[in-house]
Amino acid sequence: MRMSSRLMVGGLFTLLCPLAPRLGMAAPCPDGAAATQTLSDLAHSAKDVRWDSTSMVCADFNGDGVLDQAVLGYRDHTLLLAVRRGRKQGRHVPQILEFAIGGGVQEGVCTLPVTLTLRDLACDTGDGLLPGCKAGKGVKALSIQDGECDPINLYWSHEDRAMLWWRY
């Protein structure tokens, strides 16, 4: 199993309708204004990135009971994932993770298009426990899939206070 550390600060929010996670699909976040604000913030902070608003998903990634957002973006030959933690007041600085596009790179996807899906968080991968992982009721993980390579799996690390990724 290959693990990563936090790559860069940046981020986003989104929510799902009740059936969407079981179908592997995302639906608009319940608070459209928050999603719009997140996309606007990202567009201003990373002008050279094309953020894909249709990829945005919302769920509780860190177990605090507040919806967090995640969205995909593209720049040159790089796939980006922005994650913004939700909070009742104010805004968290988003975290942006970067992945290469092209086969043969552990820190990347093999091809486009990719999908961003929500999964139930499981802290035991079968090869061991994920560092800093704390499962809880309603806590979700993310998966980036391209249909060719192993998916990139992401979870919130309470030790690093950031999203980390792993794959087999």
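User: I would like to learn how to read strand pairing, so which residue in β6 stands opposite Ala100?

Analyst: Ala100 faces Gly108, which belongs to β6. Please keep in mind that this is a predicted model, in which local features need pLDDT of at least 70, side-chain atom pairs count only at pLDDT 80 or more, and totals for chains, interfaces and linings use all residues. Residues are numbered from 1 along each chain as its sequence is written, and side-chain values use heavy atoms, with hydrogens and water left out. Strands (E, at least two residues) and helices (H or I, at least four) are DSSP runs numbered from the N terminus, and two strands pair if DSSP finds at least two bridges between them. Here β5 and β6 pair in the parallel sense, over 2 bridges.

User: In what order do the strands of that open sheet stand?

Analyst: The open sheet has 5 strands in the order β2-β3-β4-β5-β6, and its pairing is mixed. β2 and β6 each have a single partner strand and stand at the edges, so one side of each is left without a neighbour in the sheet. Helix α2 (residues 32–45) packs on the sheet and touches β2, β3, β4 and β5, where touching rests on contact, meaning heavy atoms within 4.5 Å. The direction of α2 makes about 140° with that of β2; axes are lines fitted to C-alpha atoms, for helices over the stretch in contact, and angles run from 0 to 180 degrees between N-to-C directions.

User: How many residues does the largest nonpolar core have?

Analyst: In soluble globular proteins, nonpolar side chains tend to be buried together. A nonpolar core is a set of buried Ala, Val, Leu, Ile, Met, Phe, Trp, Tyr and Cys residues joined through side-chain atoms within 4.5 Å, and buried means under 20% relative accessible area, with exposed over 50% and partly exposed in between (1.4 Å probe, protein chains only). The largest core has 22 residues, and those with the most contacts inside it are Leu81, Phe99, Leu142, Ile144 and Leu154. Among the elements that give two or more residues to this core are β4 (78–84), β5 (95–101) and β10 (162–167). A second, separate core of 12 residues includes Leu42 and Trp51.

User: Which cysteines are joined by disulfides, and how is each pair placed?

Analyst: A disulfide is a covalent bond between the sulfur atoms of two cysteines, and the rule used here asks for a pair of cysteine sulfur atoms within 2.5 Å, which gives a count of 2 disulfides. Cys110 and Cys149 form one, with their sulfur atoms 1.4 Å apart; the torsion about their S-S bond is about 60°, so this disulfide is right-handed. Cys110 lies in the loop between β6 and β7, and Cys149 in the loop between β8 and β9, so the pair ties together parts that are 39 residues apart in sequence. Cys123 is joined to Cys133, S to S 2.0 Å, and here the torsion is about -70°, so the disulfide is left-handed.
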